[in-house]
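Good morning, and thank you for coming. Please look at the structure on the screen while I speak.

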Amino acid sequence: MSNLPLQDVDVHIPGEPEGSARVPSADRAGKGVINLVHLYPREMSIYGDLGNTRCLAARIRRHGYSPVVHQHHPGAQFPAEPHLLVGGGGQDSGQVRVEADLEHIGDRLRELAEGGTPMLMICGMYQLFGNAFITVEGQRLPGLGILDVTTQGNAKRMIGPVVLDTEFGEVVGYENHSGSTTLGAGQAPFGTVRAGFGNNGSDRTEGARMNNVVGSYLHGPILPANPALADALIALAAEKATGRPFEPVSQDDAVADQARMRQVRRLVK
Amino acid sequence: MLRTTAAVVAGKAARAASRLRGGGSALPGLVAEKVDPGFLSHALADVPRGIVVVSGTNGKTTTTKMLVAVLRGHGLGVFTNPTGSNFTRGVISSMLGELPMGGRLKADMAVLELDEAHALKFAAAVRPTHALLLNVARDQLDRFAEIDHTAQLLASLAEQTTTGVVLNIDDSFISRIRDRVADGVAVRYFGVDASIADRLPEIQEQDVRFDDDFVPPKPGADDGLLKPSDERTFEVLFGEPGSGQHVGPLELQQRGLAAMINATAATTAARMLLGDEFDAARAEAALRAVTPPFGRGEVVMVDGQPLELVLVKNPAGFTVALGTYGSTPVSTMIAINDNYADGRDVSWLYDVSFESLREQGVAMTSGVRAYDMALRLQYDDVSVDAIEPDLEEALDAFLAAHHGQPMRIFCTYTAMMSLRRVLAARYDLPDIGEEAS
Ligand SMILES: [Zn+2]
């Protein structure tokens, strides 16, 4: 795969204009260029997770910055200066295909995480960012260890709509995972479950947050209906990219707010 | 035997009762199944020329309807489950209307549309003689957690098929099932001609296992390939162009590439089932006469203007629907529900590109997830005039605002059922349960 030209392996991100992987010239960069990296979009973005990348790129533009959307594929050179990383869920076959590459770029990812680079890892990639995944048969598959979480494979799937309380406000989404995740002693969750299963269906935690790395099981995709989370990630990325504080443009999120509030009202009794 | 007769009587009574109420089509089947678990195998025991199961993610209803039409066009008596209730109980339900009290169906052949999971359940009760397997795509992920899993279900179905299997040569999830059929079971393929192979990505799921050593099969003389001559007219070619048999050129009543592929699948299967009896002219005549199944581009005349109802249920299907219908400018409404039958996770809307609607815009989004749909469209820079979650109110507003213009509604399954109920009360449209005969 690695000897193919990049455009042949890149996947189409619905809505993203052509050339969004190109760095704009200085006069078209606006407030600055933000390098957005989607890890393994082909293998790890089932259930609409590409929508997170689309949402971030669109909102980066609306805030007056220029997104450059890099797709990182297994075996490819890792982008030089990432400011914001996203990853999604995959099937088992997809997960197997990325493991070797993830090990290869693991040190770089750990270094970026420690340096405060914002990352959003959903479902399968959330699990891979943890310490380990223990299969139903008891086999221990090591993860990156960026998030202090451990996932136990499960015969039963946790599926359904979710409402969380988070530091970004109420967050809605849809979970679909068979792994049951437990947080390490000092590990903060991403949110508290108000409706749904969350990490394991028993301790009411959902996801994990360490530095600026957010792991979560929420598809939906999570960002469009929860713009506060999207903008928090963008703010951190903008600071990384420009060295200046984030300069937001106020957004009309009325439709997103309705979409979210209606789910909260339906699901929280 | 007595037990079966009791089951038929009980089931028929439940069927009559649920018809009076206008209720769900699976209930009578549930009654009959409770009384006699062996009901299905008994009822189908005297169907001499085969029990054909049609399965896959997209196009089951259309393909089944076409296959039945071609077989009937050759004079065969065919039992089918026309209501789109493609679960085992739904099959029993539709059977009850045609069963004599002895409980054995009088038909030459049975052609049954079953979804992937229920096809396996069915096969556990009755082994199909033939299976026609269409495609694998992400759909209702609550039920089939993974595409790989769905593909496995279809492979198991093929393993249990006794006589012949027809596979989609262009969908590697399906074509690799050839390695799973039992010895002596014939394998045929349908697919598209090389001249339009470049259009496959727009209608088909990406296979991520691209580095294994699977070698796709090569089409032979009994495998049907679709060769369109324009957007509406096509032929199905068997063997080398010019040398082999062909069906067509012909034009379907249903538009689009997906319908042509369904017709190719049906023709290939009919040719296998009929053998020497197969007659191209009869097949053509039958295919030309097939009307679109409800919700697959069905047209309701509203005050002299066509209103099209288009069922959407997964990314591949919605993308095909937009490609088929999106180009002609009409007033558009999109209705998204998230009940079990719709798929409870609406994430899939982000795997569909709505750019083809950008120029015209969308007049209305509706359904339980009306705001999520509008939000999705915002991210593709498609304008939305109005958002109204209540389906009936949305329909009224949509019809009023676009009076005298052609209209189209893309809708998920339960949204379509609700809209159809409202439309049926006001305009002339066939009852869903009756429409296939
Ligand atoms: Zn998931």
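How many salt bridges does a search of the whole structure find over all chains? The search finds 28, where a salt bridge is a side-chain nitrogen of Lys or Arg within 4 Å of a carboxyl oxygen of Asp or Glu. Side chains of opposite charge can pair when their charged atoms come close.

Two remarks on method are needed here. This is a predicted model, in which local features need pLDDT of at least 70 and side-chain atom pairs count only at pLDDT 80 or more, while totals for chains, interfaces and linings use all residues. Residues are numbered from 1 along each chain as its sequence is written, chains are lettered from A and ligands numbered from 1 in the order in which they are written, and side-chain values use heavy atoms, with hydrogens and water left out.

I begin with the interface. Contact, meaning heavy atoms within 4.5 Å, involves 40 residues of chain A and 35 residues of chain B. The size of an interface is often given as the accessible area lost when the parts come together. Here chain A and chain B bury about 3200 Å² between them, with 54% of it on carbon and sulfur atoms; buried area is the accessible area (1.4 Å probe) that two parts lose on being put together, summed over both. On the side of chain A, the residues that lose the most area to chain B are Gln91(A), Tyr174(A) and Val255(A), together 18% of what that side buries.

Which polar links cross this interface? The rule finds 3 salt bridges between chain A and chain B. The count of residue pairs in polar contact, both at pLDDT 80 or more, is 6. A polar contact is a pair of N or O atoms within 3.5 Å; within protein, one must be able to donate a hydrogen and the other to accept it, and residues adjacent in sequence count only if both atoms are side-chain atoms. The elements of chain A that give two or more residues to this side include helix H2 (50–62), helix H3 (92–104) and helix H8 (254–267). Helices (H or I, at least four residues) and strands (E, at least two) are DSSP runs, numbered from the N terminus.

Asp381(B) forms a salt bridge with Arg54(A), and the closest N and O atoms are 4.0 Å apart. Arg54(A) also forms a salt bridge with Glu16(A), at 2.8 Å between the closest N and O atoms. Glu16(A) lies in the loop between helix H1 (6–9) and S1 of chain A, and Arg54(A) in helix H2 of chain A, so this pair ties together parts that are 38 residues apart in sequence. Glu16(A) and Arg54(A) are both buried; buried means under 20% relative accessible area, exposed over 50%, and partly exposed in between (1.4 Å probe, protein chains only). A network of salt bridges links Glu16(A), Arg54(A), Arg61(A), Arg376(B), Asp380(B) and Asp381(B).

Is Asp381(B) buried or exposed? Asp381(B) is exposed, because its relative accessible area is 51%. Its place is the loop between helix H12 (370–379) and strand S14 (384–388) of chain B. Asp381(B) has a positive phi of about 55°, although it is not a glycine. Tyr40(A) likewise has a positive phi, near 55°, but Tyr40(A) counts as buried because its relative accessibility is 0%. Most residues other than glycine have a negative phi, and most peptide bonds are trans. A cis peptide bond joins Gly220(A) and Pro221(A), with omega about -15°, and another joins Gly248(B) and Pro249(B), with omega about 5°.

I close with two annotated residues. In an unreviewed UniProt entry, the annotation "binding site" covers Arg157(A); positions are given in the numbering used here, feature names are shortened, and annotations may be inferred rather than shown by experiment. Arg157(A) is found in the loop between strand S7 (149–152) and S8 of chain A, and a polar contact of 2.9 Å joins its side chain to that of Asn176(A). Arg157(A) counts as partly exposed because its relative accessibility is 26%. The UniProt annotation "active site", also from an unreviewed entry, covers Asp345(B). Asp345(B) is buried, with a relative accessible area of 6%.
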